[in-house]
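Subject: Structure handover

Hello,

Here is the structure I promised to pass on. My notes follow below it.

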Amino acid sequence: MDKAQRSKLTRIAAGIAAAAVVVLGGMYIAGSSSGSVPPATVDFANISAEQKQKLFDRGLQVFRAADCAACHSSPTTGAELAGGMAMVTPMGTLYGTNISPSREHGIGKWSADDLYRAVARGMAPGRKNLYPAMPYASYHDITRADVDALWVWLQAQPAVEAPNRKPDMNFPFSVRPGLALWNALERPSGEQHPGGAPEAANSLDRGAYLVNTLGHCGECHTPRTASFAMDLKQSLAGNVIEGAYAPDLRPKSLAARGWSEQDLVQFLRTGLSKQGVMTMGMFPVLQHSSSHMAEADLKDMAAYLMQGEKPESRPPVAEAPQTQVSANGERVYIGLCAGCHGVDGQGQPHSSLRLDTNTTAMFPTPLNLVRVIREGLPERDLAHGERMQAMPGFADQLSHEDMADLVNYMRLRWGRQKGDVTPAQVADVIRTAESH
């Protein structure tokens, strides 16, 4: 290669590098901007006591519907605004922050505009990019009126003087400015909810707003892309997160598992229905959010999720095919499970779950079923008078072979799934669970 050719290649390479710098610079600027902020819906400097009380009441509703406390409560004291709750991701561990009015550790110095930028755009004061574990990809559609009400409620709460815990993220995810590039590629636009103010929307629009925006259900129940953004082409199609399966919430899938709108309302309100009990990542949702919501809102959520679908009529439960696997699975079931859940899976009201209508055995993955059998469930008071007794874990009593046979027996008999779970898959499931 002569000198002229080398010079030409150098110029081309320099041009490509310069173009890359310009593109990345533009992405960084775009991803570091919170964009325009809609004007406040109230004049906070001239607000009457009656207006403030109405905003306070609405703010509490927003706080519950948005499930803020599930991430921002303290795992040690239970204080709902203190922060400290760990969120384990493939990129490292994040901790919910203090969102009390503490001026040192919380958001006591924030304006309502600041709260809107953080919630809807993922940008804290000082142009600090928030990690998208703060679900601004869902909250981006929140109305300004709801943010204003939430700000009034938050600022009226007692300050919690608890310092924030720093994220423990792996490199390069620990480089926070890099989040600007993710924002440029994946952050949705900041347009307002197309249905208008949620209180004026019809039932399905209100339900969509509660499920997709405030409730941010897709953050757990929607599969992720290679960049760990929600794959909205498969919205609510089910996803494995924090070592558990968040099931498919699409209408036909819910109906196939026997759900009705009434069942969903009961489940969200009390934590218990014939389809199962709120546990794992869903119990905090019940504890901090859905059990506190107005029944009308729960009905709107159920109507949106079901979209008019009716539960499928299921044929009478048949015996599992008599194979060596199912015979051993039945033996294990009778020995460990039937005493509480019944030989035919009928359960005991307010004590032991029904298994003949429980959806855990119907999931495409045995992950949750294996985890519950191994780890058990704690005794819990649920909500509105419902409770569930403790279930012991059987990790020390079941080999991988026995676990596979038991799971296959339950999936064949009550889940209408193939009984093809192997001991190797059980081992994989255990590793998945233990990694979180």
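The accessible surface of the protein is about 21,500 Å², and carbon and sulfur atoms hold 56% of it. Please keep in mind that this is a predicted model.

Overall picture

The protein has 436 residues, and 48% of them count as buried. Its secondary structure comes to 18 helices and 11 strands. Take the contacts between residues at least 6 apart in sequence: 64% of these join residues at least 24 apart.

Cores

In soluble globular proteins, nonpolar side chains tend to be buried together. Here the largest nonpolar core has 62 residues. Phe63, Ile142, Leu154 and Leu214 have the most contacts inside it. Helix 6, residues 144–155, gives the most to this core, with 7 residues.

Phe63 deserves a look of its own. Leaving out residues up to four places away in sequence, Phe63 touches Cys68, Ala69, Glu80, Leu81, Ile99, Leu150, Trp153 and Leu154.

Arg64 comes next in the chain. Arg64 sits in helix 2, residues 49–65. Its relative accessibility is 14%, so Arg64 counts as buried, the cut-off being under 20%. With residues up to four places away in sequence left out, Arg64 touches Glu80, His288, Ser289 and His292. Glu80 is also on the contact list of Phe63.

Around helix 13

Start with helix 11 (residues 261–270) and helix 13 (residues 295–306). Their axes come within 9 Å and cross at roughly 130°. That angle makes helix 11 oblique to helix 13. The crossing is right-handed. On the helix 11 side, the contact is made by Glu261, Leu264, Val265, Leu268 and Arg269. On the helix 13 side are Glu295, Leu298, Lys299, Met301, Ala302, Ala303, Leu305 and Met306.

Which residues of helix 11 are buried? They are Asp263, Leu264, Val265, Phe267, Leu268 and Thr270. These buried residues pack against helix 10 (251–256), strand 8 (272–273), strand 9 (276–277), helix 12 (283–288) and helix 13. Just after helix 11, Gly271 takes a positive phi of about 85°.

Now helix 8, residues 203–214. The axes of helix 8 and helix 13 come within 7 Å and cross at roughly 95°. Helix 8 and helix 13 are therefore roughly perpendicular to each other. Helix 8 makes the contact through Ser203, Leu204, Arg206, Gly207, Ala208, Leu210, Val211 and Asn212. Helix 13 makes it through Asp297, Asp300, Met301, Ala303, Tyr304 and Leu305.

A loop residue: Met85

Met85 lies in the loop between helix 3 (69–72) and strand 1 (86–89). At 24% relative accessibility, Met85 counts as partly exposed. Met85 and Gly96 are 11 residues apart in sequence, yet their C-alpha atoms are 5.1 Å apart in space. Not counting residues up to four places away in sequence, Met85 touches Ala70, Cys71, Ser73, Pro75, Leu94, Tyr95 and Gly96.

Backbone points to check

Most residues other than glycine have a negative phi, and most peptide bonds are trans. A few places here go the other way.

- The peptide bond from Phe171 to Pro172 is cis, with omega near 5°. Pro172 is in the loop between strand 5 (168–169) and helix 7 (179–186).
- Glu242 is not a glycine but has a positive phi of about 50°. It is in the loop between strand 6 (239–241) and strand 7 (244–246). With a relative accessible area of 38%, Glu242 is partly exposed.
- Gln307, also a residue other than glycine, has a positive phi near 50°. Gln307 is in the loop between helix 13 and helix 14 (324–336). Its relative accessible area is 42%, so Gln307 is partly exposed.

Best regards

Key
Residues are numbered from 1 along each chain as its sequence is written. This is a predicted model: local features need pLDDT of at least 70, side-chain atom pairs count only at pLDDT 80 or more; totals for chains, interfaces and linings use all residues. Side-chain values use heavy atoms; hydrogens and water are left out. A nonpolar core is a set of buried Ala, Val, Leu, Ile, Met, Phe, Trp, Tyr and Cys residues joined through side-chain atoms within 4.5 Å. Buried means under 20% relative accessible area, exposed over 50%, partly exposed in between (1.4 Å probe, protein chains only). Helices (H or I, at least four residues) and strands (E, at least two) are DSSP runs, numbered from the N terminus. Contact means heavy atoms within 4.5 Å. Accessible areas come from the Shrake-Rupley method with a 1.4 Å probe; for residues, only the protein chains shown count as cover. Axes are lines fitted to C-alpha atoms, for helices over the stretch in contact, and angles run from 0 to 180 degrees between N-to-C directions. Angles under 35 degrees count as roughly parallel, over 145 as roughly antiparallel, 65 to 115 as roughly perpendicular and the rest as oblique. A crossing is left-handed if the near helix is turned anticlockwise from the far one by less than a right angle, and right-handed if clockwise.
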